[in-house]
Amino acid sequence: MARTPDLERRQELLDRIVVYLAENGLAQATLRPMAASLDVSINRLVHHFGSKEDLLATAMQRSLEQQIAVQEGWLRRDPGMSMVEIYRKWWKWINASPANLALVRLNYEAAALNPNVTGLAGSVRADQIGVWRHEATAHLEQDGLSPERADLEGSLAKATFTGLVMDLIATGERKRLTPLFEQFVARLQAVVDDAQA
């Protein structure tokens, strides 16, 4: 069933809001400058999304959907992709463009900022990390780890990857960080190989 024009306009506006937030951050996000930058009225933002807090929560959900769609595209082309291969794809994707890195940074910012600053509920903030931790755990189970070991290694892998990306965001030092990333995925591959032996 086709979307109504109003829903299509809302979706198009939401995608523009995600780009705006990725470029400008959440800490200072207010409706007036956002509306001016997007060349829409504050009333239009409120009409489509409600309060600022509702708008930010919807935008954060959309940014996750966009990133999940990236991974789903990889998995459609290669359904047997391992978690190590997925992390390699993410590292390459994040480093491919400033816009990709900014989109990922937005999720980390949402998770890290005090809710008094953003107004984001705890569940919205937790999803920014939790979705990916659960994904890692599920893929590691598919790679042969027991559920308990997959949960431990998935949590550790997500924490390590998050730390590497945060370092990249803060320093931009890809040459220093890429060998560290390679050590991380080599260790994870060794864990998977051991589980499959």
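Reader: Let me start with helix 10, then: how does the distance between its end C-alpha atoms agree with its 23 residues?

Author: This is a predicted model, and in it helix 10 covers residues 174-196. At 1.5 Å a residue, its 23 residues should span 33 Å, and the end C-alpha atoms are 32 Å apart, which agrees.

Reader: Okay, and which residues of helix 10 are buried?

Author: The buried residues of helix 10 are Leu177, Phe181, Phe184, Val185, Leu188, Val191 and Val192.

Reader: What about the protein overall, how many helices and strands are there?

Author: The protein has 10 helices and zero strands, so that, by the DSSP runs used here, the pattern along the sequence reads α-α-α-α-α-α-α-α-α-α. Taken along the principal axes, its C-alpha atoms fill a box of roughly 60 × 45 × 30 Å, and 42% of the 197 residues count as buried.

Reader: Switching to charges, how many salt bridges does the count come to?

Author: The count comes to nine salt bridges. One of them joins Arg88 and Glu182, whose closest N and O atoms are 2.6 Å apart. Because Arg88 lies in helix 5 and Glu182 in helix 10, this pair ties together parts that are 94 residues apart in sequence.

Reader: Which residue does Arg187 form a salt bridge with?

Author: Arg187 pairs with Glu153, and the closest N and O atoms of the two are 3.1 Å apart. This pair also links distant parts of the chain, with Arg187 in helix 10 and Glu153 in helix 9 (residues 147-171), 34 residues apart. Arg187 is partly exposed at 41% relative accessibility, whereas Glu153 is buried, with a relative accessible area of 2%.

Reader: And which residues do salt bridges with shared partners join into one network?

Author: That network consists of Asp15, Arg62 and Glu65. Within it, the side chains of Arg62 and Asp15 meet in a salt bridge at 2.6 Å, N to O. Arg62 is in helix 4 and Asp15 is in helix 1 (residues 5-24), so far as the sequence goes 47 residues apart.

Reader: Why does Arg62 count as buried?

Author: Arg62 has a relative accessible area of 19%, and buried means under 20%, so Arg62 falls in that class.

Reader: How far apart are Ile17 and Arg62 in space?

Author: Their C-alpha atoms are 9.7 Å apart, although the two residues are 45 apart in sequence. Ile17 is found in helix 1 and counts as buried, at 0% relative accessibility.

Reader: One last topic: which residues form the positive surface patch?

Author: The positive patch is formed by Arg76, Arg77, Lys89 and Lys92. Helix 4 (52-77) and helix 5 (83-96) each supply at least two of its residues.

Reader: Where is Lys92, and is it buried or exposed?

Author: Lys92 is found in helix 5, and at 65% relative accessibility Lys92 counts as exposed, because exposed means over 50%.

Note on methods. Residues are numbered from 1 along each chain as its sequence is written. This is a predicted model: local features need pLDDT of at least 70, side-chain atom pairs count only at pLDDT 80 or more; totals for chains, interfaces and linings use all residues. Side-chain values use heavy atoms; hydrogens and water are left out. Patches are made of residues with over 30% relative accessible area and no salt bridge: like charges are joined within 9 Å, nonpolar side chains (Val, Leu, Ile, Met, Phe, Trp, Tyr) within 5 Å. Accessible areas come from the Shrake-Rupley method with a 1.4 Å probe; for residues, only the protein chains shown count as cover. A salt bridge is a side-chain nitrogen of Lys or Arg within 4 Å of a carboxyl oxygen of Asp or Glu. Lys and Arg count as positive and Asp and Glu as negative; His and the chain ends are not counted. The place of a charge is taken as NZ of Lys, CZ of Arg, CG of Asp or CD of Glu. Helices (H or I, at least four residues) and strands (E, at least two) are DSSP runs, numbered from the N terminus. Buried means under 20% relative accessible area, exposed over 50%, partly exposed in between (1.4 Å probe, protein chains only). The expected span of a helix is 1.5 Å times one less than its number of residues.
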